[in-house]
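The sequence and the coordinates are shown below.

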Amino acid sequence: MGCTSSKGQGGGTGGGDRADPFADHVSVGGYHDGGRPSSESGTSAVRSMARVGSRVFRPGARTGGLEQHKASTYEHVNQIVNAGIVPPPETRGQASAAAPAPAAGRVGLSNLGNTCFLNSSVQCLSNTIPLTDYFLGYDYRSEINHDNFLGSKGALASSYAEVVKHLWLGQGAQHYSPGRFKSSLAKFAPQFDGSQQHDAQELLAYLLDGMHEDLNRVKSKPYIEDDDCDGSNDDVDAIAAWSNYLRRDQSIVVDLFQGQLRSRMTCLSCGKVSVKFDSFMYLSLPVTADCRTLDDCLGLFCEEEYLSGDDAWYCPRCKCHVDAAKKMDLFMLPPILIVHLKRFEFSEIGRRSKIERDISYPLSEWDLSSSKKGEGGLRPVYDLYAACHHSGTAGGGHYTATAVNRFDGRWYRFNDSSCRSVDVDVDG
């Protein structure tokens, strides 16, 4: 699994491509428009994430803890969280004499029994700076939707926040046991109860969906019918579709991770065109034996396909199922882009296998301008800041994660309770 962020994510190594045969997810993320913001300024694409007057917390002068304070912008939240984790230079000597320095993200997670899929996913999310800032520096509890039956009434989001707190503000411990978080997750998604192995991508999908519903700012979801568009005015139709989506779903998860896809169907009998715009949380890209780079995988995702037989499309004009052409395109891209490489496939007899193919991907400057079909917005260029790796076979294996630390800019390998600095060009 992987998560990603922008230039404002801060840190990271220089350019170059990586080939990773075991990357189950890769994420590359964050818009930047022109220059490179400093790591202290936060992610420019999400400046308005924390609204004026929202409550955040800053280090307390007397208590040594986190005191309630007012935030005006996302940059303010980011600065306060940074100050709460790493004290100013003039006070570092005093702080170290009184107590150990905060963990600052360099903490492992205990394996609770085949939970490497969970640990690696959480480490990638934990190194997503805007999300971690939200839980550490913003009063997220004020956004918990206690009436949403699709969520856990805040239990999942709160238990995740507790994990983040220990990973970034904990003192002295080299690893932390996420038992309470796993229990909250299992109550929301019972398949994660027990000690069965799971895919990291499956975990990530349920976790982000659960946290979204816990933090959904929409208290009463209206019924909205999807519009059937004809492709004559895609930009206007896309805005209308996104506006309708936000009438039902608004949260920090939507703000950071969700984009929009355009699906275009063309009847091969009468030429009828039907266009729909759908939100997405992550891109699941196909991997074949011919794929060499991440762009190859994206090209397959966006390749036109033809539907016939059992897959025939029902044409509203012909009033019957017909052969059709289907085309998927990226229309609006999120600040944080999660990419999932579909390495597992099924044979005709239902046997699951893993595609062992090295896929090269850029560590920085992955430019999706040519793939994004929607007009406007910032230039969609992404830097990799975290990745989840799977080693083994389709029947079993092990997950680890690598991520860039926001403060020292170095890559770290997270292997359950272990956390160590690595050179991505050497250690991988």
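## The second largest cavity

In this predicted model, the residues Asn119, Ser120, Gln123, Tyr399, Phe414 and Asp416 line the second largest cavity. The volume of this second largest cavity is about 30 Å³. A search of the whole structure returns two cavities of 30 Å³ or more.

Helix α3, which spans residues 116-126, contributes the most to the lining of the second largest cavity, with three residues. Sorted by class, the lining comprises two nonpolar, three polar and one charged residues.

## Helix α3 and Val122

Helix α3 also holds Val122. Val122 counts as buried because its relative accessibility is 1%, and the cut-off for burial is under 20%. Leaving aside residues up to four places away in sequence, Val122 touches Leu109, Tyr160, Val163, Leu167 and Phe181.

Val122 can also be placed relative to Leu203, which is 81 residues apart from Val122 along the chain. The C-alpha atoms of Val122 and Leu203 are separated by 9.4 Å.

## Nonpolar cores

The largest nonpolar core has 60 residues, of which Phe135, Tyr160, Leu208 and Phe257 touch the most other members. Helix α5 (residues 155-169) gives the most to this core, with eight residues.

Not counting residues up to four places away in sequence, Phe257 touches Leu125, Thr128, Leu131, Leu208, Phe280, Met281, Pro334, Ile336 and Ile338.

## Helix α4

Helix α4 covers residues 129-137, and nine of its nine residues are buried, so the helix is largely enclosed by the rest of the structure. The buried residues of α4 are Ile129, Pro130, Leu131, Thr132, Asp133, Tyr134, Phe135, Leu136 and Gly137.

Glu213 is located in helix α7 (residues 200-214). With a relative accessibility of 6%, Glu213 counts as buried. The side chain of Glu213 makes a polar contact of 2.6 Å with the side chain of Asn148.

The surroundings of Glu213 comprise Asn145, Asn148, Leu150, Gly151, Lys221 and Asp249, with residues up to four places away in sequence not counted.

Asp383 belongs to strand β20 (residues 381-393). The relative accessible area of Asp383 is 10%, and Asp383 is therefore buried. A polar atom of the Asp383 side chain lies 2.9 Å from the backbone nitrogen of Glu365.

Glu365 itself is found in the loop between β18 (359-362) and β19 (366-367). Its relative accessible area of 41% makes Glu365 partly exposed. The phi angle of Glu365 is near 60°, a positive value in a residue other than glycine.

Lys319 sits in the loop between β12 (313-315) and β13 (320-322). Lys319 counts as exposed because its relative accessibility is 60%, and the cut-off for exposure is over 50%.

Val404 lies in strand β21 (residues 396-404). With a relative accessibility of 4%, Val404 counts as buried. The C-alpha atoms of Val404 and Ala386 are separated by 6.4 Å, and these residues are 18 residues apart along the chain.

## The chain as a whole

The protein chain contains ten helices and 23 strands. It has 428 residues, of which 50% count as buried.

Definitions and conventions
Residues numbered from 1 in each chain as written. Predicted model: local features only at pLDDT ≥ 70, side-chain atom pairs only at ≥ 80, totals over all residues. Heavy atoms only, no water. Helix = DSSP H or I, 4+ residues; strand = E, 2+ residues; numbered from the N terminus. Buried < 20%, exposed > 50% of the residue type's maximum accessible area, 1.4 Å probe, protein only. Polar contact = N/O pair within 3.5 Å; in protein donor to acceptor, adjacent residues only side chain to side chain. 1 Å grid on protein atoms, 1.4 Å probe; cavity = no way out; pocket = protein on both sides within 12 Å on 5 of 7 lines; lining within 4 Å. Points joined across faces, edges and corners; volume = space filled by probe spheres on them. Nonpolar A, V, L, I, M, F, W, Y, C, P; charged D, E, K, R; others polar. Core = buried A, V, L, I, M, F, W, Y, C linked by side-chain atoms within 4.5 Å. Contact = heavy atoms within 4.5 Å.
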